[in-house]
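Subject: Structure handover

Hello,

Here is the structure I said I would pass on. My notes on what was found in it follow below.

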Amino acid sequence: MLEKEINKRRTFGIISHPDAGKTTLTEKLLLFGGAIQKAGTVKRNKAEKTATSDFMEIEKQRGISVATSVMGFEYKDIKINILDTPGHKDFAEDTYRTLTAVDSVILVVDCVKGVEEQTRKLMQVCRMRHTPVIIFINKMDREGKDPFDLLEELEKELNISTRPLSWPIGIGHTFKGVYQLHKKSLNLYSPNKKEIADDVIAISDLNQPELDQMLGEHAANKLREEAELIEEVAEPFDLGLYRSGYLAPVFFGSAINNFGVQELLDTFIEIAPTPQGREANLRPIEPQEAKFTGFVFKIHANLDPNHRDRIAFCRITSGTFLRNTFYYHTRLDKKLKFASPTSFMADNKSLVEEAYPGDVIGLYDAGNFKIGDTLTEGEKLQFLGIPSFSPEIFRELENTDPMKTKQLEKGINQLSDEGVAQLFTVNPGNRKIIGTVGELQFEVIQFRLKQEYGASCIFRPLNFSKSSWVSATTPAAMQQFLKAQASRIGYDKENRPVFFSSSQWDLEYTAKQFPEISFHDTSEWD
Ligand code: G4P
């Protein structure tokens, strides 16, 4: 029974540089799955285009996005869970953490722009975790780059082998459709298809003369040549290599025109991995284990002052989760039960009675959870692989209302539990350094400290651009390092030492001076 539920599920994230078409593709997938009836539903979820300073607007949109943080739908008897990842770079950390809860990703690339900054960063995170990736090259109706050049760029810049499973016929104003290399079928393009599937024409042999009639002789010959070239030079599609994150199958299409989306979805459910196990400190946990385990990867605060509760998003790793059953919160050493766990289907929320590996449930929380927390049926284990990443902007927090010191302390601790920012303590003086990936978070923190905790603060700029977690070959070497660099050492919330550097050069220079010290970009390392 559990095995059947596991095999039925696929949990994945769609990632892209802003504007490549993530929202549009998500929406089209939901349309195919029948989860929404018309285009435009997911658009509301977008925060990317909001002016950076307008964080209230972003928070408002985040509020709307609670329901769409996870979008579940059924397609051909498969339960698909799409985990939404914010495209705005200031929320990148949220995206990195969400990627801990997926089993694979679809990466959307704009054919005009190719690989962009966020594409690179997100792929680094995927590679670190060996997450299987399918690439969807979007906007083929625009005058984009040559598809061979695009493949080369993807391989070089993203450090992954690629294998086209579909191939475009023309591009921009000459775009005629895509040929499914593995299925040997042709999809002819007609713009502005809103809801129905494309007409698919089986082409058992590219040399058949009908192809010339359909595409014109020039385009048909070009397709023949290119298809032959791909078979000669491209890696064969190897499921094992895809599943272990080394080979990315590539599709071409146009999300806005609903083109190439169904082929993507059909192949996705065929090849994407079923819910996978996760590493924990005591042992690896397999989804088939009868006992329930899960971890919290995202916490969503409710900004409405009348409803102060938060929603903790828990990914189920093993066993069956049941409503109103006591589970063990391993960090707090405490049993908790949940009366109204929530599941999400596109823009609907509903009460869940039970949930299975791969599912994501929302747990209403009054402050028990922080990101990375583990729930079990009693075993005291902790899931790994939900690391913190080095922030990019650092500021010192200064209390401007001494009467509210306690509130400030509490507020900043809770906000960092939610993952809004990272908090480091620097001694002497118990000074607080806040690290974020974007400017926006500082405004959010200031606003929320005031509104929710009544505390006031300002931020002083610091000349740091990176924090590295450190380890040493011997305790004595660590002591020596901490002493020598005291002014640039802070402690994270788990009291692990971090080293602040002002640039990559600065970090490398220090590393040379202290060969016994290792510097780590994330809070977990081997
Ligand atoms: P994002 O979530 O990755 O940020 O991207 P989103 O889907 O919002 O798409 C960004 C822009 O690209 C949108 O246009 C969208 O309509 C357009 N787009 C998406 N897919 C395609 C495609 O296949 N072809 C073409 N030509 N455009 C595409 P916009 O004008 O910025 O926004 P909107 O006014 O359409 O909402």
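Of the 526 residues in the protein chain, 43% count as buried. Please keep in mind that this is a predicted model. The chain holds 14 helices and 31 strands. Taking contacts between residues at least 6 apart in sequence, 72% join residues at least 24 apart.

On confidence, the mean pLDDT of the protein chain is 87, and 89% of its residues reach 70 or more. For the complex, the predictor gives an ipTM of 0.97 and a pTM of 0.85. Two stretches need care. Over residues 44-55 pLDDT stays under 50, although the model has 23 contacts beyond four places in sequence for them. Residues 63-67 also stay under 50, with eleven such contacts in the model. Where pLDDT is low, the predicted coordinates should not be read in detail.

Next, the nonpolar cores. The largest has 94 residues, and the members that touch the most others are Val105, Leu107, Ile135, Phe136, Ile137, Val296 and Cys314. To take one member, Ile137 is in contact with Val109, Cys111, Leu150, Val250, Phe251 and Phe252, leaving aside its neighbours within four places in sequence. There is also a second, separate core of 26 residues, which includes Ile433, Ile434, Leu449 and Val498.

Leu150, one of the contacts of Ile137, is also a buried residue of helix α6. This helix covers residues 147-158, twelve in number. From first C-alpha to last, α6 reaches 16 Å, close to the 16 Å expected at 1.5 Å a residue. Its buried residues include Leu150, Leu151, Leu154 and Leu158. Seen down the axis of α6, the buried residues fall within an arc of 100 degrees, so they line one face of the helix. An α-helix has 3.6 residues a turn, so residues three or four places apart point the same way. On the other side of α6, Asp149 and Lys156 are exposed.

What do the buried residues of α6 pack against? Their partners are the helix α5 (117-129) and the strands β5 (133-138), β6 (161-164) and β11 (247-252). After α6 comes Asn159, whose phi is positive, near 55 degrees.

Regards

Definitions and conventions:
Residues numbered from 1 in each chain as written. Predicted model: local features only at pLDDT ≥ 70, side-chain atom pairs only at ≥ 80, totals over all residues. Core = buried A, V, L, I, M, F, W, Y, C linked by C-beta atoms within 7 Å. Buried ≥ 20, exposed ≤ 12 C-beta atoms within 10 Å, placed from the backbone. Contact = placed C-beta atoms within 7 Å. Helix = DSSP H or I, 4+ residues; strand = E, 2+ residues; numbered from the N terminus. Expected span 1.5 Å × (residues − 1). Arc of directions from axis to C-beta. pLDDT = per-residue confidence, 0-100.
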